[in-house]
Amino acid sequence: DVTDPDAPLTVTKTPLPLLRISRPSFSVNIQCPATGYIGQLMTHTITLINHTSALQSFTLRIDNEQDKETGVLAKSTADKLSVSQAIPAPVVSEAFFIAGDRRSNFSILPHQSHTIIHHLLPMIAGNHQVPHFEIISNRFGEELPQTKQNRKYVFIRPAA
């Protein structure tokens, strides 16, 4: 009987497999307002933290995915052009002017952070997708999952 206080206790010991808890190599914090006004600057901030004990290098570029839909020259084609065929950089989004690096390489010391700031100037009212800021780990050769899945929209109101 389980409720009998004089019943003998039974103890069974079972070894559990070792559980390895690993921390992600990088963490990313992206900040951008949810709303804005035509003609008023908005700040888009990406903070990347290196949790490893090694120097890590990255490539930042603004993805032109929106341009592929409209038929405007996309980055993959522009990257293949020779210097003699140079053309102006394609517009990433007609809804925003962007101030800041469109493409850069940077490194982060072990257990340090790096902040990237872009200023967006809204030009068209409505609900618009924020340009995709792609951060690629040069060590792993792929985009960080935190920036790959971040497809944020911002509602732009007419000028106040």
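Now, some ground rules. What you see is a predicted model, where local features need pLDDT of at least 70 and side-chain atom pairs count only at pLDDT 80 or more, while totals for chains, interfaces and linings use all residues. Residues are numbered from 1 along each chain as its sequence is written, and side-chain values use heavy atoms, with hydrogens and water left out.

Let's go to the sheet. Strands here are DSSP runs of E with at least two residues, helices are runs of H or I with at least four, and both are numbered from the N terminus. Two strands pair if DSSP finds at least two bridges between them. As a reminder, strands of a sheet pair through backbone hydrogen bonds, either parallel or antiparallel.

What is the order of the strands in the open sheet? It goes β6-β4-β9-β10, four strands with antiparallel pairing. The edges are β6 and β10, each of which pairs on one side only.

Walk across it with me. β6 and β4 run antiparallel and are joined by six bridges; in one spot, L60 has S104 of β6 as its bridge partner. Next, β4 pairs with β9, again antiparallel, over six bridges. Over there R61 is partnered by E134, and D63 by H132. Then β9 is joined to β10, residues 142-143, by two bridges, and these strands run antiparallel too. I136 has E143 of β10 as its bridge partner. The hairpin of β9 and β10 has four residues between the strands, and in it G141 takes a positive phi near 70 degrees.

Take a closer look at two of these strands. β6 has a covered face with S104, F106 and I108, and an uncovered one with R103, N105 and S107. What about β9, residues 132-137? Six of its six residues are buried, so the strand is largely enclosed by the rest of the structure. H132, E134 and I136 point one way, F133, I135 and S137 point the other way, and all are buried.

Stay with S137 for a second, in strand β9. At 1% relative accessibility, S137 counts as buried. A polar atom of its side chain lies 3.2 Å from the backbone nitrogen of F140. That's a polar contact: a pair of N or O atoms within 3.5 Å where, within protein, one must be able to donate a hydrogen and the other to accept it, and residues adjacent in sequence count only if both atoms are side-chain atoms. Leaving out residues up to four places away in sequence, S137 also touches F26, S57, F58, E142 and L144, where contact means heavy atoms within 4.5 Å.

Which brings us to the rings. Rings of Phe, Tyr and Trp (its six-membered ring) pair if their centres lie within 6.5 Å; planes under 30 degrees apart count as stacked, over 60 as edge-to-face and the rest as tilted. How many aromatic pairs does a search of the whole structure find? Three. In one of them, the rings of F26 and F58 have centres 5.1 Å apart and planes at 80 degrees, so this pair is edge-to-face. F26 sits in β1 (residues 26-31) and F58 in β4 (residues 56-63), so the pair ties together parts 32 residues apart in sequence. Both are buried: F26 at 7% relative accessibility, and F58 at 0%.

F58 also pairs with F106, and that pair is stacked, at 5.6 Å centre to centre with 25 degrees between the planes. It links β4 to β6 (residues 103-108), 48 residues apart.

One last stop: H128, in strand β8 (residues 126-129). Is H128 buried or exposed? Buried, with a relative accessible area of 16%. A polar atom of its side chain lies 3.0 Å from the backbone oxygen of I124. Not counting residues up to four places away in sequence, H128 touches A95, F96, K152, Y153, V154 and I156. That's my tour, thanks!

Note on methods: Buried < 20%, exposed > 50% of the residue type's maximum accessible area, 1.4 Å probe, protein only.
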